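Thanks for coming. I will go through a few places in this structure, one at a time. Please keep the sequence and the model in view.

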Amino acid sequence: MKDTVFIVMGVSGSGKTTIGRLLAEKLALAFHDADDFHSAANIEKMGAGIPLTDADRKDWLAAMADAITKWEKSGGAVLACSALKEKYRQTLQGGARHPLQWVYLDGSRELLHDRLEAREGHYMGASMLDSQLDTLEEPAYGIHVELQKNQTPDDVVQEIMHSYQSAASK
């Protein structure tokens, strides 16, 4: 697990930040949030309900790819990042010396919408959910967690840890 970078991915409302923080704590790794890499212009755009374009995401992805290289050298990390398209995931992987450990948080539209409606103080509103779901290219690799309504964040992290340890022992 040394030097490993985990990317907790999914659409807004899937719990990336909450799960990422808990996973980082469990693994004794640094936690980072992709939101911290966005420009003020990108945050303003999303806050206005305008989906980002690939051009908007270019510098954001490049900055995270650079950071991934540093995190590997400093012992690994967990990054919460939507990584909705395969080409975004490839850009992030391009910054790594080792394969990234992808964790995909997948939930029903209804569950995700309810979570977004209940969330306060975040620039990403429920109005952006359909655009994210339309953009999402589900990965065929990594750890997939099917989110359930009554599942706790600790339950999700436990499932991730079990899946990761099972794959690592093979």
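D3 lies in the segment before β1; strands here are DSSP runs of E with at least two residues, helices are runs of H or I with at least four, and both are numbered from the N terminus. This is a predicted model, where local features need pLDDT of at least 70, side-chain atom pairs count only at pLDDT 80 or more, and totals for chains, interfaces and linings use all residues. Residues are numbered from 1 along each chain as its sequence is written, and side-chain values use heavy atoms, with hydrogens and water left out.

Is D3 buried or exposed? With a relative accessible area of 19%, D3 is buried. Buried means under 20% relative accessible area, exposed means over 50%, and partly exposed is in between, with a 1.4 Å probe and protein chains only. Setting aside neighbours within four places in sequence, D3 contacts E72, G75, G76 and H98, where contact means heavy atoms within 4.5 Å.

Next, helix α4, residues 86–94. Its buried residues are Y88, R89 and L92. Seen down the axis of α4, they fall within an arc of 100°, so they line one face of the helix. The arc is taken from the directions from the helix axis to the C-beta atoms. What do the buried residues of α4 pack against? They pack against β1 (5–9), α3 (54–73) and β4 (101–106).

In the loop between β3 (77–80) and α4 sits A83. A83 is not a glycine, yet its phi is positive, about 45°. A83 is buried, at 0% relative accessible area.

A28 also has a positive phi, near 55°, and is a residue other than glycine. A28 is in the loop between α1 and β2 (30–33), and at 69% relative accessibility A28 counts as exposed.

Last, a helix pair. The axes of α1 (residues 16–27) and α7 (residues 153–168) come within 9 Å and cross at roughly 55°. That makes α1 oblique to α7; angles under 35 degrees count as roughly parallel, over 145 as roughly antiparallel, 65 to 115 as roughly perpendicular, and the rest as oblique. On the α1 side, the contact is made by T18, I19, L22, L23, K26 and L27, and on the α7 side by P153, D154, V156, V157, I160 and M161.

Conventions. Axes are lines fitted to C-alpha atoms, for helices over the stretch in contact, and angles run from 0 to 180 degrees between N-to-C directions.
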